[in-house]
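Work through the exercises below with the sequence and the model open, and try each task before reading its solution.

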Amino acid sequence: MAVDLDRIGRASLKELGDIRIDDVLSFIDRGIEGDIDFSLDRQDWLESDELDRKATMWSHRLFFNGEERVTSTLAPFVWAAPTPEIEIFLSTQMVDEARHTVFFQRWWHEVVGTGAKSLGELLTEIRPEANEGYNILFYERLPSTAQRLASNPKDFDAFVEGVTLYHIVIEATIALTGQRFELEAMREQSLTDRGFYRGFTAIARDESRHVSFGIKVLQEAVHEDPARFAPLIQKTLVECLPLISGTLDPPDPRYITEYGHTESEILQYAFDSLNKRLRAIGINLAA
Ligand SMILES: [Fe+2]
Ligand SMILES: [Fe+2]
């Protein structure tokens, strides 16, 4: 009897109790092809107009390059983890970020099409150009914080600042806002059966998990020593506020208005989300 690999791939832990190990090992013969199907996405792409393509590329360049940046800078956070529980969580997060990067790599190859021969070449090709907020955040602040942790893994202030930057500014505020608006726009256009919609929703689910972790780490730090950590988190956020709006600012306002939204609405959503997270951590920005 043919082995139902899809059933095994989707099985819950409970259902795995009914599956034989020899059937699981059949995955070896399938190879490492993923199960996301971009064929409808490719069709949409071929039928889309210039503005649509430009708007999508703008957003996906930020996401693709951003996923690679957060993958490459997370290892020092793992070395600097103050407890084994945090070390284990961050190790799982690193795998998530790598998977997100590969998702965009596949989307680029299968939907947009590219002559790039390697991931490195493709990342150079898609690097978001002329976005100052993004460049400072992802090419200066994030790597320099990671470098501080790499040089001194015992620097817990650097760890708190890093989690504020990584989990609260980048993931909770910028990434989840962008994901929310793009996925809602696809849902309004009845595109929920597209490979991108499904994969990106799975990514948003991972990101939510990362954000909950970040909130918990900062909450505990503030609870333990409010005088030391609250001002540190506040200072990092205040410095990052212009970078948040700078990253979400499109080079052409039609990339947002064409889809029934305004830039101020998106920024409002981003800052409302940020404030919600801060309330959960136990601080406010009125400092
Ligand atoms: Fe990610
Ligand atoms: Fe993440």
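Predicted model: local features only at pLDDT ≥ 70, side-chain atom pairs only at ≥ 80, totals over all residues.

Residues are numbered from 1 along each chain as its sequence is written, chains are lettered from A and ligands numbered from 1 in the order in which they are written, and side-chain values use heavy atoms, with hydrogens and water left out.

**Exercise 1.** Identify the protein donors of the iron ion (ligand 1) and describe their spacing along the chain.

*Solution.* Begin with the donor criterion, namely N, O and S atoms within 2.8 Å of the metal (3.2 Å for Na, K and Ca), remembering that sites may look incomplete because water is not among the atoms. Next, read their order along the chain, which gives the spacing E-x29-E-x2-H-x106-E.

**Exercise 2.** Find which residue coordinates both the iron ion (ligand 1) and the iron ion (ligand 2).

*Solution.* The two ions are 3.4 Å apart, and the residue coordinating both is Glu-97. Glu-97 is buried, with a relative accessible area of 0%, where buried means under 20%, exposed over 50% and partly exposed in between (1.4 Å probe, protein chains only).

**Exercise 3.** Determine whether Asp-206 is buried or exposed, and list its contacts beyond four places in sequence.

*Solution.* With a relative accessible area of 12%, Asp-206 is buried. Leaving aside neighbours within four places in sequence, Asp-206 is in contact (heavy atoms within 4.5 Å) with Asp-96, Arg-99 and His-100.
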